[in-house]
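I set out to look up a pair of packed helices, then a few single residues, and to note the cut-offs behind each term as I went.

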Amino acid sequence: MLTKIILIILSLILIGFLAHFSGKLAEKLKLPSLIGMILIGMIIGPSFLNLVPKATLNIAPTLKDIALVTVLFIGGLGISLKQMKQIGRPAILLSVVPATLEGLTIAFLATIFLKFTFVQGAILGFIIAAVSPAVLVPSMVDLINRKIGQDKAIPQMLLVGASADDTVAITLFTTFISIYFAGINGESVSIINELISIPLTIIISIFIGWILSLATKALLKNINSQNIRVLSTFSLCLLIRFVENYFHLGGFNSLLTIMIYGFFLRTYLGDTAKNIQDKINVVWKYGKLYLFAFVGMAINPTLVGEYIWIGVIMLMISLSIRSIGVLISLIGTNLSIKERIFCVVAYLPKATVQSAKAGIPLQMGIAGGEIMQALAILSVLITAPIGAIGIKLTSPRFLSQGYSGELSA
């Protein structure tokens, strides 16, 4: 047991070093550092060199969760009440419209290119449709810290939209899996009830975040030690994530709850919340190394195989429809054309959900599961670098710096 623990610790130190080095190398090549981290994870992971001990890979989901919790908590702490009021309607639309349009588009295309039934296609579609919090959220937090796009709270709007976007995609993914097996077993599934569960999940998650902030704000005000404040709030965020993962609760999105909890702490505690955010930023400095490296390890390009060209064509069409969905969501705002283009680019990357869900249809025995896995992995290989590089290139050119102005809706 002791040997196993030592092996895990040493491997984590090595992974952290390699991810840091590869990130710096990517920056020297004028690429986002996360591209280097993902690539090194892919190279040393099971798909290629297979250098990472199995014991370390077994704890990878937990470490990725800790890193995601960290960055979403930071994101919530970085959103002010004024900004939340600005981004309300477009953020809600961004959480629903792009993912729904893309998922249904892929479902339709799958009936043509892959000879799937519409239900099979929808299972694939809503694996692919989710935007990646692992790519988008850190990028938006970085823009907030650099005061880019703050005049219209654009990074905050995308943060909120992306956090709820996953709820929509994952709910519809599980819904169509239920419909698939119900069809095989001669049972019926209420699609209306499943659709109603989406807004309910978002509302419940927001409500829980608010209640937790009310329950802890007085306690935090009475704690004199900043380190204890940070430890208390961060531990609560980890507990929220653990509850969803362990109990597999329906109608609850822990990542959205964590971000909303951070937002309400910022609203109620002001400078105290800002001090918590500064401390949590230190955790994220190291957490991002493992998040992106482990995302890379979960990607297996060798699975893409013979479906690469069909997949590229389907993705080109579906991403175009997704982009139209983003533009529809922004109707009524005073964003410029360049700012709208930036939002389209920021909503392209896929990684986290696709890596986690790609193999599920195959494991469950769904017909065409191996094709679904291949296309889900292909979507990561194509969109993660395009989205990350696109955000890096367009943000300083298409977004303004400062706080003047509003996002009218």
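Entry one, the helix pair. I listed which residues of helix 13 meet helix 16, and found Lys 338, Glu 339, Ile 341, Phe 342, Val 345 and Ala 346 on the side of helix 13, with Gly 387, Gly 390, Ile 391, Thr 394, Ser 395, Arg 397 and Phe 398 on the side of helix 16; contact here means heavy atoms within 4.5 Å. By class, this contact has 6 nonpolar, 4 polar and 3 charged residues (Ala, Val, Leu, Ile, Met, Phe, Trp, Tyr, Cys and Pro count as nonpolar, Asp, Glu, Lys and Arg as charged, and the others, Gly among them, as polar).

I noted that the model is predicted, that local features need pLDDT of at least 70 and side-chain atom pairs pLDDT 80 or more, while totals for chains, interfaces and linings use all residues. Residues are numbered from 1 along each chain as its sequence is written, and side-chain values use heavy atoms, with hydrogens and water left out.

Helices are DSSP runs of H or I with at least four residues, numbered from the N terminus, and axes are lines fitted to C-alpha atoms over the stretch in contact, with angles from 0 to 180 degrees between N-to-C directions.

Entry two, Tyr 180. I found Tyr 180 in helix 7, residues 154-185, where its 15% relative accessibility makes it buried (under 20% relative accessible area is buried, over 50% exposed, and in between partly exposed, with a 1.4 Å probe and protein chains only). Beyond neighbours within four places in sequence, Tyr 180 is in contact with Val 119, Gln 120, Ile 123, Gly 365, Ile 366 and Ala 367. The backbone nitrogen of Ala 367 lies 3.1 Å from a polar atom of the Tyr 180 side chain.

Lys 115 has a positive phi near 60°; it sits in the loop between helix 4 (81-113) and helix 5 (118-128) and counts as exposed at 69% relative accessibility. Lys 147 also has phi near 60°, but lies in the loop between helix 6 (133-145) and helix 7, and at 37% relative accessibility Lys 147 counts as partly exposed.

Methods:
Polar contact = N/O pair within 3.5 Å; in protein donor to acceptor, adjacent residues only side chain to side chain.
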